[in-house]
Amino acid sequence: MGAGVYFVSCSLIRGAFFRYFFLNLYVILSLFADLGRQGILRFYGVDSPQYMYAYYYTDCLLTVTLFIAVISLASRVFAELNLSRHVRFVAVLLLLGTAGFTYAVVAQSSELLATRFAVELSQNLYFVGLVLTYLLWGAVLKLQETRTRLVQMVLSLGLYFSAYAGSYALLNLAPQYEVAKYVAPLLGCFLPISWALTIMRYSEDARLMPARLVAVPR
Amino acid sequence: MMAAFILAFSLLTLLMFFVSYCRSLTASSLHTSITEDVRDVTGIQVRAAGRDYARVVQILQLCPDRAEDRSGLKIVAAYYSFLNLLDQGFAKLFPAVRPWAEEERASCAHFAAVALGRRIALNREMLAQQVEL
């Protein structure tokens with residue numbers, strides 16, 4: 001929670017709150033989600049169905065918000081090409097497509113539909129978010145984006161989505177390890193801290209050499 | 001099968017984003033040249049080489065800490081360790097990786113040397129303030 005407060009404070013201090021509104025919205029919502037989960041945890045206990053519903057539905061909501069945050073960054077990258085509207089349209093289609101696909105898969109399951117849907121949608125959106133961030137990163141390189149803040153925020157998102165999608169995949173492959181249980185809180189802190197450091201370290205005018213961004217230069 | 005594919009894809013992208021993130025950090029210091037003070041202390045002649053990194057970090061630890069540099073230095077230290085691992089393991093199979101890894105280690109050393117320059121400047125400021133008092 002401290003990491004979230006730190007990021008929002010840094011955004012306000014540096015006057016970047018509205019410039020990165022959806023990133024801030026995600027962090028603020030995650031703060032409220034943490035508070036809500038804590039309240040339900042204390043009232044009903046960790047094994048209660050109420051806590052399970054609260055956890056997975058807030059997680060699903062947060063993933064959708066993060067997905068919107070990725071789109072907001074993509075809109076900024078594509079703004080100069082006047083493609084922002086198309087990017088948003090494709091993103092909405094992708095979101096609805098993922099929700100539809102998840103519903104179709106879950107509807108065949110014998111488990112409780114409402115719970116399973118939130119869990120599956122969340123996991124699928126992490127992977128779709130990862131693919132989207134990967135494509136966004138490709139666009140950043142192709143369009144020779146030089147804005148340091150934007151570049152580092154996209155990279156932080158890429159690291160976050162990769163680690164989350166990987167931990168969920170590992171959980172599905174080897175459930176006995178419960179890796180996501182330990183990775184999730186660490187990653188929850190990582191995103192707001194890395195964004196906050198980016199905002200504090202670089203001004204909006206800071207620029208990078210695009211050639212230095214490619215992992216392996218060609 | 002699907003989970004295995006997602007795991008492999010996630011690990012690959014994790015590695016790619018980690019390398020790019022670290023490169024974006026070191027790139028931000030490339031337009032700053034190494035100060036004369038740092039050259040004197042570290043013995044770096046024209047430009048930093050990968051082997052200078054350990055010496056620069058040792059001297060960095062002797063200077064008063066700057067909170068602004070702390071996280072960046074930790075990430076670059078992790079990146080440097082990763083490059084060393086790559087050089088000792090992967091580069092034996094693919095020797096073409098070695099020059100790239102050396103170039104990257106040199107940019108890690110440059111990043112640390114620029115941070116050292118800032119710390120020396122801070123040290124001087126603090127000393128000047130103490131003299132004034």
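**Helix packing and chain contact in a predicted complex**

Q: Which residues of H3(B) meet H6(B)?
A: This is a predicted model, in which local features need pLDDT of at least 70, side-chain atom pairs count only at pLDDT 80 or more, and totals for chains, interfaces and linings use all residues. Residues are numbered from 1 along each chain as written, with chains lettered from A and ligands numbered from 1 in the order written. On H6(B), the partners are B:Arg105, B:Cys108, B:Ala109, B:Ala112, B:Ala113, B:Ala115, B:Leu116 and B:Arg119. Those of H3(B) that meet them (C-beta atoms, placed from the backbone, within 7 Å) are B:Asp52, B:Tyr53, B:Val56, B:Val57, B:Ile59 and B:Leu60.

Q: Are H3(B) and H6(B) roughly parallel or roughly antiparallel?
A: The axes, lines fitted to C-alpha atoms over the stretch in contact, come within 9 Å and cross at roughly 20°. Angles run from 0 to 180 degrees between N-to-C directions; those under 35 degrees count as roughly parallel and those over 145 as roughly antiparallel. H3(B) and H6(B) are therefore roughly parallel.

Q: Which helix gives the most to the side of chain A that touches chain B?
A: In total, 25 residues of chain A are in contact with 22 residues of chain B. Two or more residues come from each of H5 (113–142), H6 (148–173) and H7 (179–201) of chain A, helices being DSSP runs of H or I with at least four residues, numbered from the N terminus. With 14 residues, the one that gives the most is H6(A).

Key
Contact = placed C-beta atoms within 7 Å. Parallel < 35°, antiparallel > 145°, perpendicular 65-115°, else oblique.
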